[in-house]
Amino acid sequence: AASKARRVMVVGLRNSHFFAAYMRHQLTLVRDSVDLVPMPGQIVMEEVANLDAKDLVIAIGLRRRPATLKKVLEWLRGEEVPVILFCDRFAGTTASLATWAFPCETRGVSTVDSYVGVMSLLTHFCERVVSTRRDAGRDRLKRIEAHLSEADEFEDEIF
């Protein structure tokens, strides 16, 4: 779905926004038309209003998710927009609104949540998108790397 969709919107609210930004960046390396919402000053519903069944929403909804996410997913379901949701294992109703839900363990013995499993799963997911895009994804990544090299964007690292 993430390889073939016309457009991909990655949604992340509160602490999930960081993970959504990571996902968006990784996907833009191998495909075009990937957006992150909400950006500062934006409202999610304004951004997803034109999506349909040819598009895909990837939502990150970890613990302490705002009620807005559930409402957005309800609307997307009514519009038949496919949704991939990466969530914690207590997402319950929110997870049931997604086309595909990937619950991750975030609670442990420490006071703060752990996102090791979330990052691992997001990275694995992005690798699977790369493998399904095959040459098209690799060609895009090679072009990006060539442009970055030509622009002298990164300093040479000496080990």
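Colleague: Which strand do 5 bridges join to S1, and what makes the two a pair?

Modeller: That partner is S3 (residues 56–61), which runs parallel to S1. Val 10 stands opposite Ile 58 in S3. Strands here are DSSP runs of E with at least two residues, and helices are runs of H or I with at least four, numbered from the N terminus.

Colleague: What kind of model is this?

Modeller: It is a predicted model, where local features need pLDDT of at least 70 and side-chain atom pairs count only at pLDDT 80 or more, while totals for chains, interfaces and linings use all residues. Residues are numbered from 1 along each chain as its sequence is written, and side-chain values use heavy atoms, leaving out hydrogens and water.

Colleague: Why is S1 called largely enclosed?

Modeller: Because 5 of the 5 residues of S1 (residues 8–12) are buried. Buried means under 20% relative accessible area, with a 1.4 Å probe and protein chains only. Val 8, Val 10 and Gly 12 cover one side, Met 9 and Val 11 the other.

Colleague: How do you know whether Cys 87 is buried or exposed?

Modeller: Its relative accessible area is 1%, which is under 20%, so Cys 87 is buried.

Methods. Buried < 20%, exposed > 50% of the residue type's maximum accessible area, 1.4 Å probe, protein only. Pairing = 2+ DSSP bridges.
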